[in-house]
Every structure is written in structure tokens, then in C-alpha cells.
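Open the model in your viewer and keep the sequence panel beside it. Each stop below says what to select and what is there.

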Amino acid sequence: MLLSPAASNASLPQGFWGRFKSPKGNKDADMLRDRQAQLALTRQRLLTLAFEEMETVRMLPPSFIELESLARDWIKPPPDIPISLRVPIEYASLPAARLVAGPHIYLTSEDSYQIAIMGVQGLRVEVVCDSPPPPDEPPPPPVLEMPAIFSLELSPGQHVALDTTISSDELDMARMDDGTTVDGSFWGKLDIVHDGDTHKMDFSGTRLQNTENMSTDLIVDSRIINKLAVAAKPATARCHLGILAPQRQYLDVYLTFSPYWQMGVSWPPAEHVNENKVKYFLRVHPGGAVEHFETQMTATSLYYEAIPEPGMLDPQEFISPRNGFAMSYQDFVPHLMRVLDQLGMSLFARTTFINNNISAFAAHRNIAYRFLPPQKIAAAIDISVTVENCVFTRLFLMFRGLTDDELGLFAGAGEKEANQANWRDRVGWSELSKDTTQFRVLETSVLEVT
């Protein structure tokens, strides 16, 4: 036998079908209406309170007085400050929204509140609290007189102080026309003129920022400016060119620079040939003396400076563990003396080389260095002389300072490895450079890469 819900209602509760029955009399209908009214009264409605950037959700109070008390308790305004409550029309009841032309309905009494919440399930109330503006403060009195003290250095070691009073009949010396206060520390130019009956003082300058981090003893003068100019000087290779001739003879020496290098200071001064080329006309003597005809000077070597393009020099790329060595300053100077000895330089030449550069070396705790191979030197600065046979020995030392942490990167390229290097092969040294019967050119150059 098959059973289905349609076949029997034995499993359903007894009161289930009774809910669908029509009430038997007016008494049952009244009871039903009272029950529905009670359910409507017990249904809770929500309230959203908004004030400036803040919002909160509460239960909708039944009266306007309770709503105002709830809003004051939430924003806690000063006791004497009034507040206003308003409802956006899209949240108010339909009858209230149709009677208002503006975007808000302001709640001012119990009637306006009950009309706004008529038939709505939730309400949004915005709290408006306008505090009174602060009382106007009277403007400060104008500054018509103030003391002025000037500490001036007329010349090195000669200081004067001007103690005076600046006064004005009507112009405020503390503020501009728009009310901006004029105060602070200024750096600029002070002109004091005493010419006949003309006596005036003019100052033009700029305001200094972060004066709390600046010493009051700071004096900026031409000496400091000159020091800053020296510190900002670009990297420069200092080159000494010596000529060892077997006999006295005349010749021209040409220096040709690549586009990435330019000529700096030279002594004796070189003669300009074109944009990247200069020359010397000399008479050389056995023993190393050279006569420069333009200046009628005799010297033991030619000096010139070569300045590389700043963007071309990358210290980490030009001197790295793969092409150079590094050690402490105390080890570097004796090591360099031994290397120069291996390259055939005399004791006098080695000592002069060290003495000319010792201040630059001593500025660093650790030093990384390398000697450029001859082909790289010639690519930057090429030398040619008007003789048939010439032996060139060009030593170009590049170095840079290292911190203790950076020195650790040269763990496999330290003093031990530098002492084992074949320096003669690296710089292209030849035994003919010691032959006094040969015409020889010896150039030593130093470039600090920063």
C-alpha cells in the first residue's frame, strides 16, 4: 500500500489546518487584529546618527525629546551650544518628503518628528552643530623701532660690531602688507655706503631653513667659498712626462685626447693644435733636461692634467676585485714603492712619485688600486714624438678609498695577491726602457676615482 501526504494528514499537528480556517465570529476577528497590532508595535526600527565624518546606529526612539537627548549624549557638545537635527528627504516618510522642496527636513518639534518617521522602517538623522566663531583678536601694534647689531669682518682678523637702532615713522618692520611676519635667519649680501652725504645700508638675502641645526658661529666668506670650489673640483689625472734622450736633439711631442677626456692645466703650457690635440716644441738633453722654447724654461719633465667626463667614471666598475687589488693605507705605500722598483723607476723617481701623492693616499683608511694597461691609456690619451725609434713606458695609477666593509669584497685580491702579480707584463714594461742608448719616454699619471 502506498502512502502519500495527500492520502493522510495524521502526521501533521492538529492546529496546523486551523490557521487557514475563517474566523467563526466577530470575536475571533477582533482578537486577530489585536495580535497583529501588537506584533507591529513590538517590531524595532533602526536609527542612523551622522555628525561630520562620524556615523553610528541606534534604536529609533519613540519621541523627539529622546532623539535630541540621544544625539547630545553621542556628540557631547558644550552645554550652551545648540544643535539641529535634520533628515534627508530620501529617508523620511513619503508624505513628509512630498511637502518639502529642499533636500532636508529639519526636526523642530514632536509633530515634525512623528510625521518624518510615519511608516518608515529606518531613519537617518544628521546632527548639525555650529559653534560660534572665536572672538576677533585685535591686530598687534606695528613695530616702528627695533635694535640692530651687525658683526662684520672688514679684513681677515679685523672685526667690528655696529650697534644701532632702526626706526620708522609709519611702516611696520615686523609684517608685510598681507600680514606675513618677517623674521628668521637670512643669508645674503649687505651693502654699506658712506659716500659724501650719502649714508645707506642695503641688504638682500634668502631665508635659511632648519636654523636649529645650524651653528651660530657659522661664517660664510670668500675663503669658505674657495674651499667648497676645491671640494667640487672634478676628478683629474695628474701626469708627468719625462724624456730621456741619448743625445741633444729637437722634437715635437703631441698629446691627442679622446672625446671623453679634455686637457686641463699644463706646464710648460702646451700649444693648441685642434680641439683634442696639443703639442710641445722642445730641445731635449741627455740626463732628462727639456727646454721649452715658448717660455724659455728648462725643466726635468712636462706636467699636464687630463679631466675625464664625469659620467664616464664609475668607481666600482673601474676598480673592482676582478681588475685591481686593495689593502690598508699602511700597507699600500710600502707595497707601491716595491712595485715601482720592479718597473725600473730610480730611487729618486719613486720617492718623488710617493711624495707628490702621499696626501691623497693618506686621506683614506683603505685603498683599492690598479695600473691601466698601455692600450687603454693610449685610447684615452695618445702620445707621439717626432723621432724614429722611441721606447714608451706609461704608468697610469688609478685608486679609490674603501671602507672596512668594502675592503672585505677584495678578500681574493689583497696584498698577498698583489705581490704575486706580474707588474711588468701588466704595464707593458720593456728591458729597452733601461737602455741609455735608446730614446725613452717615461710617463707617470695618478687618478683618484671618487
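Begin with the second largest pocket of this predicted model. Its lining residues divide into 12 nonpolar, 15 polar and three charged. The lining has 30 residues in total. To find the middle of the pocket, select Gly242, Met345, Ser346, Ala349 and Leu442, the lining residues that lie nearest its centre. About 780 Å³ of space lies in this pocket. Now colour the elements that give two or more residues to the lining: strand E10 (237-244), helix H8 (347-362), strand E21 (391-402) and strand E22 (440-448).

Keep E10 selected and look at its partners. E10 pairs with E22 in the antiparallel sense, over seven bridges. Select Ala237 and then Ala306, its bridge partner in E17.

Next, go to the largest nonpolar core, a set of 64 residues. Which residues have the most contacts inside this core? Select Val253, Trp261, Leu336, Tyr369, Phe371, Trp423 and Phe439 to see them. E21 gives the most to the core, with six residues. Take Leu336 as an example and show what surrounds it. Leaving aside neighbours within four places in sequence, Leu336 is in contact with Phe353, Ile354, Phe361, Phe371 and Leu397.

Move to the strands E1 and E2. Strand E1 (residues 46-51) runs antiparallel to strand E2 (residues 54-59), and six bridges join them. Select Leu46 and you will find Met59 of E2 opposite. On which strand does Ala50 have Glu126 as its bridge partner? The answer is E5. Strand E5 (residues 122-128) runs parallel to E1, and five bridges join the two.

Stay with the hairpin of E1 and E2, which has two residues between the strands. Glu52 is in the loop between E1 and E2. Its phi is near 55°, a positive value in a residue other than glycine. Is Glu52 buried or exposed? Glu52 has a relative accessible area of 70%, and exposed means over 50%, so Glu52 is exposed.

For another positive phi, select Lys76. This residue is not a glycine, yet its phi is about 50°. Lys76 lies in the loop between helix H2 (64-75) and E3. Its relative accessibility is 59%, so Lys76 counts as exposed by the cut-off of over 50%.

Follow the chain to Ser93, in the loop between strand E3 (84-88) and helix H3 (94-98). Is this residue, Ser93, buried or exposed? The relative accessible area of Ser93 is 1%, and buried means under 20%, so Ser93 is buried. Show the residues that Ser93 touches, not counting those up to four places away in sequence: Ile115, Ala116, Met118 and Val120.

Now select Trp267 and Pro268. The peptide bond from Trp267 to Pro268 is cis, with omega near -10°. Pro268 has its place in the loop between strand E12 (261-267) and strand E13 (271-274).

Then select Glu406, which lies in helix H10 (residues 404-407). Glu406 has a relative accessibility of 28%, between the cut-offs of 20% and 50%, so it counts as partly exposed. Glu406 and Ala368 are 38 residues apart along the chain, and their C-alpha atoms are separated by 9.6 Å.

End by showing the whole protein chain, coloured by helix and strand. How many helices and strands are there in the protein chain? There are 12 helices and 22 strands. Of the 450 residues in the protein chain, 32% are buried. Among contacts between residues at least 6 apart in sequence, 66% join residues at least 24 apart.

Definitions and conventions. Residues numbered from 1 in each chain as written. Predicted model: local features only at pLDDT ≥ 70, side-chain atom pairs only at ≥ 80, totals over all residues. Heavy atoms only, no water. Helix = DSSP H or I, 4+ residues; strand = E, 2+ residues; numbered from the N terminus. Buried < 20%, exposed > 50% of the residue type's maximum accessible area, 1.4 Å probe, protein only. Contact = heavy atoms within 4.5 Å. 1 Å grid on protein atoms, 1.4 Å probe; cavity = no way out; pocket = protein on both sides within 12 Å on 5 of 7 lines; lining within 4 Å. Points joined across faces, edges and corners; volume = space filled by probe spheres on them. Nonpolar A, V, L, I, M, F, W, Y, C, P; charged D, E, K, R; others polar. Core = buried A, V, L, I, M, F, W, Y, C linked by side-chain atoms within 4.5 Å. Pairing = 2+ DSSP bridges.
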